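Hi there,

Here is the structure I promised to pass on. Have a look first, and my notes follow below.

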Number of protein chains: 2
Amino acid sequence: MTDNIHTSTGSAVKMVTECGLRPSPQRIAVAEYVLSHLSHPTADEIFTGLKERYPTLSRTTVYNTLHALAAHGAVLEVNVEPGLTRFDGCTEPHAHFMCVDCSRIFDIGMSRMEFPQEFDISTMQVSLTGHCPECRQAHRR
Amino acid sequence: MTDNIHTSTGSAVKMVTECGLRPSPQRIAVAEYVLSHLSHPTADEIFTGLKERYPTLSRTTVYNTLHALAAHGAVLEVNVEPGLTRFDGCTEPHAHFMCVDCSRIFDIGMSRMEFPQEFDISTMQVSLTGHCPECRQAHRR
DNA sequence: TATATTTTTGTAATCAGTACAAAGTTATAA
DNA sequence: TTATAACTTTGTACTGATTACAAAAATATA
């Protein structure tokens, strides 16, 4: 759960290039931020966090980069809070637990759906995306 | 998955009163809509759907009612699509599958996490809310 | 170097959702 | 009843996240 501040730039560059994007400083910075801050930041938190070191950075670039990374599955969009998209650099299958008091979002492993007992779960939502039977057939998948 | 147009008004009234709300025509209409349209409508879709029959209905009333119902667990907020809250009158534990082609959202049972094979699952997100260990201890829960 | 391509930036626009106060309803008390 | 209080609805204005878009900047190619 602790953010790893010392993620190597290498993996960020790799992530960007593997998504078919040129490894520009801004894109590397965004990828690096997401990889090193596993606290599920919003696009705006990422923007603010990078603004000091990259004063000319624009919000649009952050959004564009995040969407491109998410489209390639390199980063996950987390929709726990209504109306707010958060981003997760950890792409291993896991659940997100949001505390209704402090609003923090915790990662929780979910092997065999046995959730840790310390967490007092009141609501649960499983969201899947993919191709439905009709669309699957339409595309002969 | 087919919407049941003929949901009795009775259960809608019951739902509203059980949430501690006065059963006003507007509130009953919203509850009835959610119960009879299990296609995960947005607040705006509910508003538009009811506007014809209730011409003076305001969006704010729809939002207020939905939030009150959701706060009491009578209705579920579904956050599959980023930036858009949908509502679900079915409160049985189940998963939501969104087709990336047609954008429809399907209900999927999840007993023992065995999802139906017809659906071609590409991403999965489990979201839980509740009280984290710290907040739990702070409130001696 | 000149030119084409890509990327970034900044502003304006959009859109879901919220705040809030006035107007309308319903309930309660005299 | 009538007056008064409590609640509900409405409509408008506002907020805040996200998107659209075109100009400017950077990078690659000829």
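By class, the surface near DNA strand D has ten polar, six nonpolar and four charged residues. Here nonpolar covers Ala, Val, Leu, Ile, Met, Phe, Trp, Tyr, Cys and Pro, charged covers Asp, Glu, Lys and Arg, and the others, Gly among them, are polar; near says that the C-beta atom, placed from the backbone, lies within 6 Å of the strand. T85(A), R22(B), S24(B), S58(B) and T60(B) come nearest of the 20 residues around DNA strand D. α4(A) gives the most to this surface, with three residues.

This is a predicted model, in which local features need pLDDT of at least 70 and side-chain atom pairs count only at pLDDT 80 or more, while totals for chains, interfaces and linings use all residues. Residues are numbered from 1 along each chain as its sequence is written, with chains lettered from A and ligands numbered from 1 in the order in which they are written.

Chain A has five helices and five strands, taken as DSSP runs numbered from the N terminus (helices: H or I, at least four residues; strands: E, at least two). Along the sequence they follow α-α-α-α-β-β-β-β-β-α.

Now to the sheet. Six strands form an open sheet with mixed pairing, in the order β4(A)-β3(A)-β5(B)-β5(A)-β3(B)-β4(B); strands pair if DSSP finds at least two bridges between them. β4 (105-108) of chain A and β4 (105-108) of chain B are the edge strands, each pairing on one side only. In chain B, β3 (residues 95-99) runs antiparallel to β4(B), joined by four bridges, and A95(B) stands opposite I108(B).

Best wishes
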